[in-house]
Number of protein chains: 2
Amino acid sequence: MAHGGGGRMSQRLIESVFMPLFSNDLLDTRHDGAVFTIGNADLAFSTDSYVVRPLIFPGGNIGDLAVNGTVNDLAMCGAQPLYLSCGFILEEGLEIATLRTIAESMQAAASRAGVQLVTGDTKVVDHGKADGLYINTAGIGRVRHRVAADRIEPGDAIIVSGDLGAHGITILSTREGLEFDAPVESDTAPLWGPVAALLDAGIDIHCLRDLTRGGFSSALNELAQARNLAMEIDEGRIPVTETVRAACELLGLDPLYVANEGRFVAFLPASQTARALEILPHAAHAGTVLNETSAIVHLRSISGGNRILQMISGEQLPRIC
Amino acid sequence: MAHGGGGRMSQRLIESVFMPLFSNDLLDTRHDGAVFTIGNADLAFSTDSYVVRPLIFPGGNIGDLAVNGTVNDLAMCGAQPLYLSCGFILEEGLEIATLRTIAESMQAAASRAGVQLVTGDTKVVDHGKADGLYINTAGIGRVRHRVAADRIEPGDAIIVSGDLGAHGITILSTREGLEFDAPVESDTAPLWGPVAALLDAGIDIHCLRDLTRGGFSSALNELAQARNLAMEIDEGRIPVTETVRAACELLGLDPLYVANEGRFVAFLPASQTARALEILPHAAHAGTVLNETSAIVHLRSISGGNRILQMISGEQLPRIC
């Protein structure tokens with residue numbers, strides 16, 4: 001049972017059922033959001049459902065996750081997020097106090113991200129059916145800069161926006177009751193701010209992708225496949241905190257595959273790397289796009305060896321968003 | 001447990017938790033969709049989650065319901081529906097054949113309604129959760145005509161677009177294993193077609209509302225409250241099939257409170273009534289807006305008496321969409 005984890009089976013499920021049916025030019029880009037024009041406005045449109053367990057975890061809850069997730073899908077389209085919809089599926093018996101806490105977090109996250117929650121819907125299902133609550137958000141943004149896999153070029157710098165793995169490790173450790181020496185908190189955060197800062201500085205971002213389900217390695221593999229260009233990553237340059245690294249070793253996980261909710265990868269001209277790293281002080285120059293027409297992501301590992309960074313297979317961490 | 005049924009408790013829940021938090025000019029209109037401008041385009045944006053049981057029923061399934069429902073929310077904003085998002089929450093173990101049937105219905109409904117499904121998301125939850133699947137759709141449309149509760153005027157004709165109650169009775173009878181002399185089928189259908197036909201003919205529609213949760217009487221009560229104008233309805237003019245009427249009597253339900261998924265009420269200048277009824281051959285002139293500043297909906301009943309048509313209280317039929 002690996003549908004929905006962002007790995008190979010999920011892709012297969014989606015491709016086998018949805019893609020042949022729903023095929024159209026916009027959906028076929030397989031981006032996190034669709035981009036189209038109405039009147040004189042280039043718009044981005046995206047949706048995600050949130051089924052994370054537990055509902056509340058260190059650093060966030062399902063509410064701010066649901067706002068930030070869709071805000072970030074729009075930001076990854078080079079779009080300023082503007083308006084969100086919100087659909088609640090509530091389980092009968094959910095404490096109103098819990099709902100209020102989550103709703104308050106949504107409103108705070110929306111304010112922080114500069115978006116308005118403008119339309120919504122609430123359904124109630126039987127006790128035992130919805131793990132407390134599920135939330136769907138959809139969002140509309142206005143495209144400011146064209147970013148797309150087909151704009152990735154050989155020689156592009158691959159920038160990762162901050163340390164990896166905190167969200168997935170937080171969810172898993174909270175769910176399993178694990179404790180580490182140092183506390184770990186979800187990285188959930190809105191990403192339009194840093195993207196806008198790069199654009200304001202004149203950085204010609206070629207492509208963006210948030211590092212959610214399947215983590216850094218899935219994002220790179222999907223883009224390498226979409227563009228049919230190989231990439232080379234230097235594992236030693238990828239920021240991972242000591243706590244997350246230790247937790248991953250304990251749990252047998254690779255931080256490059258663990259989900260993040262406030263991290264992204266940006267592809268940009270190598271000449272603009274230094275300027276980008278000035279603007280994003282927690283970011284790192286993780287690698288480079290090669291002049292090699294294959295979908296392989298090469299990893300120079302910390303131990304000095306070379307290996308291929310595979311797409312995640314199956315489910316590493318279920319229900320992390 | 002009456003949250004989500006469209007009655008008083010649902011309104012109270014929404015008002016007590018969401019409204020104080022999420023208050024903003026767009027949400028405060030309490031319409032089924034938000035209307036705003038980006039660039040030179042007036043847009044409508046709406047969302048609904050679908051949790052109907054059973055998943056497949058006479059006349060439709062959760063898939064076409066999820067497309068038509070959001071298409072109709074946009075149409076009720078006077079907007080041509082253009083793009084839909086779709087979020088699936090799948091229960092582990094759901095038959096792929098069932099998913100395919102539902103996805104095919106979604107695609108057929110989208111084609112019929114002239115919209116594109118452009119972005120989506122799939123999550124999988126544990127066996128025993130989500131009743132097979134839940135679907136959220138959100139939609140974007142382009143506003144063609146300004147319709148709003150504040151445009152309702154004394155003297156306006158109240159037009160109901162077709163016979164009432166078939167959807168709710170279909171769901172309930174399928175769920176309970178009831179059979180009637182004549183088959184009954186859901187009325188699920190896209191409503192932009194008839195709305196566009198009225199606009200094409202130059203009808204100055206003042207307000208539109210689909211007759212979903214809470215049915216005809218809830219829609220009228222909400223609008224009477226929003227505009228603070230009384231209305232008078234002639235029960236004898238409201239189309240209800242013999243089968244639905246008999247089923248309602250058997251079940252102790254009032255067809256004016258039963259949910260529909262392909263019916264709407266339109267408010268328009270009395271002088272355009274005849275033209276509107278020519279364009280919509282199944283529609284009926286059900287009543288009139290009074291020159292009386294109160295939120296009361298008067299009903300002249302079939303038996304000749306007069307009573308007040310109340311807002312539905314609590315849950316009449318749960319999980320009908």
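This is a predicted model: local features need pLDDT of at least 70, side-chain atom pairs count only at pLDDT 80 or more; totals for chains, interfaces and linings use all residues.
Residues are numbered from 1 along each chain as its sequence is written, chains are lettered from A and ligands numbered from 1 in the order in which they are written, and side-chain values use heavy atoms, leaving out hydrogens and water.

Let's look at two interfaces. Buried area is the accessible area (1.4 Å probe) that two parts lose on being put together, summed over both.

| Interface | Buried area | Share from carbon and sulfur |
|---|---|---|
| chain A and chain B | about 6,100 Å² | 68% |
| domain 1 and domain 2 of chain A | about 1,900 Å² | 62% |

Within chain A, P58(A), N72(A) and M76(A) lose the most area on the domain 1 side, together 29% of what that side buries. Contact means heavy atoms within 4.5 Å, and 24 residues of domain 1 of chain A touch 19 of domain 2 of chain A that way.

Between the chains, 69 residues of chain A are in contact with 70 of chain B. What about salt bridges (a side-chain nitrogen of Lys or Arg within 4 Å of a carboxyl oxygen of Asp or Glu)? Chain A and chain B share 10, while the two domains of chain A have zero. One chain-to-chain salt bridge joins K123(A) and D48(B), at 3.8 Å, N to O.
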